[in-house]
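Here is a short report on one protein model. It begins with charged contacts and then turns to the other local features.

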Amino acid sequence: MDHVDIESRRLRFYQENYEIIAQYQILPGQRRKTIGQQGGCRYCSGNRPRCTFKSRAHTLPELIGNHSLLSRDECDSCNRY
């Protein structure tokens with residue numbers, strides 16, 4: 001199987017199994033935008049007061065260039081993990 005076939009299968013998998021619910025453009029120097037509902041963690045389902053939400057949680061990793069899209073619904077423990 002060549003590279004094009006593999007990429008086609010991957011794309012088809014995501015199209016068939018996932019729905020886009022939001023799109024955000026990430027630009028260099030862009031002001032920070034925060035998404036999600038604070039108070040409950042989307043990963044561990046923990047709530048306050050057991051979970052804290054003080055750390056800056058990036059919706060997408062900084063490694064891929066995201067310095068502006070942050071998440072309110074990731075607790076500090078999951079963010080460190």
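The side chains of arginine 42 and aspartate 73 meet in a salt bridge, 3.4 Å from N to O. Arginine 42 lies in the loop between β1 and β2 (57-58), and aspartate 73 in the loop between β3 (69-71) and α2 (76-80), so the pair ties together parts that are 31 residues apart in sequence. A salt bridge here is a side-chain nitrogen of Lys or Arg within 4 Å of a carboxyl oxygen of Asp or Glu. Helices (H or I, at least four residues) and strands (E, at least two) are DSSP runs, numbered from the N terminus. This is a predicted model, in which local features need pLDDT of at least 70 and side-chain atom pairs count only at pLDDT 80 or more, while totals for chains, interfaces and linings use all residues. Residues are numbered from 1 along each chain as its sequence is written, and side-chain values use heavy atoms, with hydrogens and water left out.

Arginine 42 also forms a salt bridge with glutamate 74. The closest N and O atoms of that pair are 3.7 Å apart. Glutamate 74 sits in the loop between β3 and α2 and arginine 42 in the loop between β1 and β2, so this pair ties together parts that are 32 residues apart in sequence. Aspartate 73 is buried at 17%, and glutamate 74 is buried at 9%. The cut-offs are under 20% relative accessible area for buried, over 50% for exposed, and partly exposed in between (1.4 Å probe, protein chains only).

## A salt bridge within α1

The model has three salt bridges by this rule. One of them joins arginine 10 to glutamate 7, with the closest N and O atoms 3.0 Å apart. Both residues lie in helix α1. They are three residues apart, about one turn of the helix. Arginine 10 is partly exposed, at 48% relative accessibility. Glutamate 7 is also partly exposed, with a relative accessible area of 34%.

Aspartate 5 lies in helix α1 as well. Its relative accessibility is 39%, so aspartate 5 counts as partly exposed. Aspartate 5 and glutamate 74 are 69 residues apart in sequence and 36 Å apart in space, C-alpha to C-alpha.

## The loop between β1 and β2

Which peptide bond is cis? The bond from arginine 48 to proline 49 is, with omega near 0 degrees. Proline 49 belongs to the loop between β1 and β2. Serine 45 is found in the loop between β1 and β2. Serine 45 has a positive phi of about 65 degrees, although it is not a glycine. Serine 45 is exposed, at 58% relative accessibility.

Glycine 46 is placed in the loop between β1 and β2. Glycine 46 is buried, at 1% relative accessibility. Its C-alpha atom is separated by 9.8 Å from that of cysteine 78, 32 residues apart along the chain.

## The loop between β2 and β3

Asparagine 66 lies in the loop between β2 and β3. At 1% relative accessibility, asparagine 66 is buried.

Phe13, Tyr14 and Tyr18 form a nonpolar patch on the surface. Together they have about 370 Å² of accessible area. Patches are made of residues with over 30% relative accessible area and no salt bridge, where like charges are joined within 9 Å and nonpolar side chains (Val, Leu, Ile, Met, Phe, Trp, Tyr) within 5 Å. Accessible areas come from the Shrake-Rupley method with a 1.4 Å probe; for residues, only the protein chains shown count as cover.

Tyrosine 18 is found in the loop between α1 (3-17) and β1 (33-35). Tyrosine 18 is exposed, with a relative accessible area of 55%.

## The largest pocket

What lines the largest pocket? The lining is Glu19, Ile20, Ile21, Ala22, Gln23, Tyr24, Ile35, Thr59, Leu60 and Leu69. By class, that makes seven nonpolar, two polar and one charged residues. Ala, Val, Leu, Ile, Met, Phe, Trp, Tyr, Cys and Pro count as nonpolar, Asp, Glu, Lys and Arg as charged, and the others, Gly among them, as polar.

About 270 Å³ of space lies in this pocket. On a 1 Å grid over the protein atoms alone, a pocket is an open set of points with protein on both sides within 12 Å along at least five of seven lines, and lining residues have an atom within 4 Å of a point. Grid points are joined across faces, edges and corners, and a volume is the space filled by probe spheres set on the points.

Notes
1 Å grid on protein atoms, 1.4 Å probe; cavity = no way out; pocket = protein on both sides within 12 Å on 5 of 7 lines; lining within 4 Å.
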